[in-house]
Amino acid sequence: MSTHASHPEIIKRLKRAEGHLHSIVGMLEENRGCLDIAQQLQAVERAIASAKKTLVHDHIDHCLDQASGDGPRRPHDAIREFKEICKYL
């Protein structure tokens with residue numbers, strides 16, 4: 001496994017979502033309005049979904065692309081892995 005160019009951006013997004021989620025817990029503890037809380041939860045959900053999509057696309061672009069080259073992976077294994085990771089899109 002190696003670090004990909006997209007990982008720092010994914011980490012940044014997830015840390016932002018983590019901070020947002022912490023704020024939402026505070027909002028719940030303060031009995032803030034449900035509409036405000038729902039909006040913030042939606043924002044966290046979008047941030048996490050975006051991070052996941054970026055990770056999956058990066059994996060497809062870089063890791064599975066290696067199977068078509070001179071790497072040690074067999075194309076059959078790459079196709080199986082591609083099908084498996086697509087479940088997360």
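The following conversation goes through a predicted model of one chain.

Colleague: Before we begin, what counts in this predicted model, and how are residues numbered?
Modeller: Residues are numbered from 1 along each chain as its sequence is written, and side-chain values use heavy atoms, with hydrogens and water left out. As this is a predicted model, local features need pLDDT of at least 70 and side-chain atom pairs count only at pLDDT 80 or more, while totals for chains, interfaces and linings use all residues.

Colleague: How many helices and strands does the chain have?
Modeller: The chain has 3 helices and 0 strands, and from the N terminus on its elements run α-α-α. Helices (H or I, at least four residues) and strands (E, at least two) are DSSP runs, numbered from the N terminus.

Colleague: What share of the residues is buried?
Modeller: Of the 89 residues of the chain, 20% count as buried. Buried means under 20% relative accessible area, exposed over 50%, and partly exposed in between, with a 1.4 Å probe and protein chains only.

Colleague: At what angle do α1 and α2 pack?
Modeller: Helix α1 (residues 7–29) packs against α2 at an angle of about 160°, and their axes are 9 Å apart. Axes are lines fitted to C-alpha atoms, for helices over the stretch in contact, and angles run from 0 to 180 degrees between N-to-C directions. The two helices α1 and α2 are therefore roughly antiparallel; angles under 35 degrees count as roughly parallel, over 145 as roughly antiparallel, 65 to 115 as roughly perpendicular and the rest as oblique.

Colleague: And which residue types form that contact of α1 with α2?
Modeller: The residues there divide into 15 nonpolar, 5 polar and 3 charged. Ala, Val, Leu, Ile, Met, Phe, Trp, Tyr, Cys and Pro count as nonpolar, Asp, Glu, Lys and Arg as charged, and the others, Gly among them, as polar.

Colleague: What does Leu 14 touch?
Modeller: Leu 14 is found in helix α1 and is partly exposed, at 39% relative accessibility. Leaving aside neighbours within four places in sequence, Leu 14 is in contact (heavy atoms within 4.5 Å) with Ile 48 and Ala 51.

Colleague: Where is Ile 11 found?
Modeller: Ile 11 is also in helix α1, and at 45% relative accessibility it counts as partly exposed. Its C-alpha atom is separated by 8.2 Å from that of Ala 51, 40 residues apart along the chain.

Colleague: Now the loop between α1 and α2: is Asn 31 buried or exposed?
Modeller: Asn 31, placed in that loop, counts as exposed, at 70% relative accessibility. Asn 31 has a positive phi of about 60° although it is not a glycine.

Colleague: How far apart are the axes of α2 and α3?
Modeller: The axes of helix α2 (residues 34–63) and helix α3 (residues 75–86) are 11 Å apart, and the helices pack at an angle of about 170°. Helices α2 and α3 are therefore roughly antiparallel to each other.

Colleague: Which residues meet there, in α2 and α3?
Modeller: From α2, Val 56, His 59 and Ile 60 meet Glu 81, Phe 82, Ile 85 and Cys 86 of α3. These residues divide into 5 nonpolar, 1 polar and 1 charged.

Colleague: What does the side chain of His 59 make a polar contact with?
Modeller: It makes one with the side chain of Glu 81 (2.4 Å). A polar contact is a pair of N or O atoms within 3.5 Å; within protein, one must be able to donate a hydrogen and the other to accept it, and residues adjacent in sequence count only if both atoms are side-chain atoms. His 59 is buried, with a relative accessible area of 15%.
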